[in-house]
Amino acid sequence: MQRKGPKWGTYYVGPIQMAVCYGVVIANTLLGGQCLKAIYLIMEPNGEMKLFEFVILFGGLLLVLAQIPSFHSLRHINFFSLVLCLLYSALAAAASIIIGNKSNGPEKDYAIVGDKETKVFGIFNAMAIIATTYGNGIIPEIQATLAAPVKGKMFKGLCMCYTVVIVTFFTVAISGYWAFGNKANGLIFTNFLNPETNHYLVPTWFIFLINLFTVLQLSAVAVVYLQPINDILESALGDPTKKEFSIRNVIPRLAARSLFVVVATIFAAMLPFFGDVNSLLGAFGFIPLDFVLPVVFFNFTFKPSKKSFIFWINTIIAVLFSCLGVIAMVAAVRQIVLDAKTYKLFADV
């Protein structure tokens, strides 16, 4: 793949994009394992299997799907993923509303808990998680740097992406917080189990469907986010003069893709803190990619006068969000350290 433009763009922006994509794969593998465990507990309430075992099972599924050769091959999976995303978001919101309306539902407390330090760091953690949530357009953004014309095809893709993100995340977030208050977990499905009675607050078939749809959708999303890394590796390891399915190209592709999935699975199993991973992703990747670099690139590319309003508003945005990103990263690392003191490696959370 031929790259044009300043070298610092290739060696700075590219690695951040790839790190974010890989971080999403790790987060999805962890979340997929949590959903598989939820399905298992429906069938075996007293089951003894641990979370890391389900993370490994999800990693095995991803290991197979990761061998799909190209972005073009993923077009049907992308559509399937969109349908599943809408389905499980609708089910999660419906379950939250049902539980919130029950007379025997959980008590709602909307107070912000913790000391002043925890609250301040919690704010920056939340900002980073929001950046991760709304940074899901990164795949169309990467494609927009590769495929012409950018204006039109990729703009429509980004509009569709953010429409789906707003509809799904807002619906689940608002209904979940309304139903569970400050006890709402990063994975809202875990709130559907009453910890006191160990019984679900909605029918078990409902829980089964939600988690099944989520597992399928997460596997599709993880494969999509893994693909940019695969393309770069295969352009370096493969031989373009040979056929795509020749032994010379298949063996390096199989080895590289399998290695990346195995490493992601190990990380997900070792550090089962979904919210913390999201926060770190947002601070390290999505904040600079979505809020800092675009305005910097605008100033570099179009070179507006240093006396102009657009130059200074872009500069202010870049500085403010750079500071926010650094603080959010400190908050994310702090939260991971605190959770690491509470939970051991390969914890069953």
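I began with α10 and listed its buried residues, which are F311, N314, A318, L324, G325, A328, A331, A332, R334 and D339; buried here stands for under 20% relative accessible area, exposed for over 50% and partly exposed for what lies in between, with a 1.4 Å probe and protein chains only. Helices (H or I, at least four residues) and strands (E, at least two) are DSSP runs, numbered from the N terminus.

Before going on I noted that the model is predicted, that local features need pLDDT of at least 70 and side-chain atom pairs count only at pLDDT 80 or more, while totals for chains, interfaces and linings use all residues. Residues are numbered from 1 along each chain as its sequence is written, and side-chain values use heavy atoms, with hydrogens and water left out.

**Overall layout.** I counted ten helices and two strands in the protein, and from the N terminus on I read the order of elements as α-α-α-α-α-α-β-β-α-α-α-α. Of the 349 residues in the protein, 41% are buried.

At its N-terminal end I found S308 as a cap, with a side-chain oxygen 3.4 Å from the backbone nitrogen of F311. For such a polar contact I took a pair of N or O atoms within 3.5 Å, where, within protein, one must be able to donate a hydrogen and the other to accept it, and where residues adjacent in sequence count only if both atoms are side-chain atoms.

In the loop between α9 and α10 I looked at K303, whose phi is near 45°, a positive value in a residue other than glycine. K303 is exposed, with a relative accessible area of 63%.

**Helix α2.** I found 15 residues in α2 (residues 51–65), with 21 Å from the first C-alpha to the last, close to the 21 Å expected at 1.5 Å a residue. Its buried residues are L51, F54, V55, F58, G59 and L62.

I used axes that are lines fitted to C-alpha atoms, for helices over the stretch in contact, with angles from 0 to 180 degrees between N-to-C directions. Angles under 35 degrees count as roughly parallel, over 145 as roughly antiparallel, 65 to 115 as roughly perpendicular and the rest as oblique. A crossing is left-handed if the near helix is turned anticlockwise from the far one by less than a right angle, and right-handed if clockwise.

The axes of α2 and α7 (residues 204–237) come within 10 Å and cross at roughly 50°, which makes α2 oblique to α7; I recorded this crossing as right-handed. The axes of α7 and α8 (residues 247–270) come within 10 Å and cross at roughly 140°, so α7 is oblique to α8, and their crossing is right-handed. For α2 and α8 I noted packing at an angle of about 160° with axes 9 Å apart; they are therefore roughly antiparallel to each other, and their crossing is right-handed.

Definitions and conventions
The expected span of a helix is 1.5 Å times one less than its number of residues.
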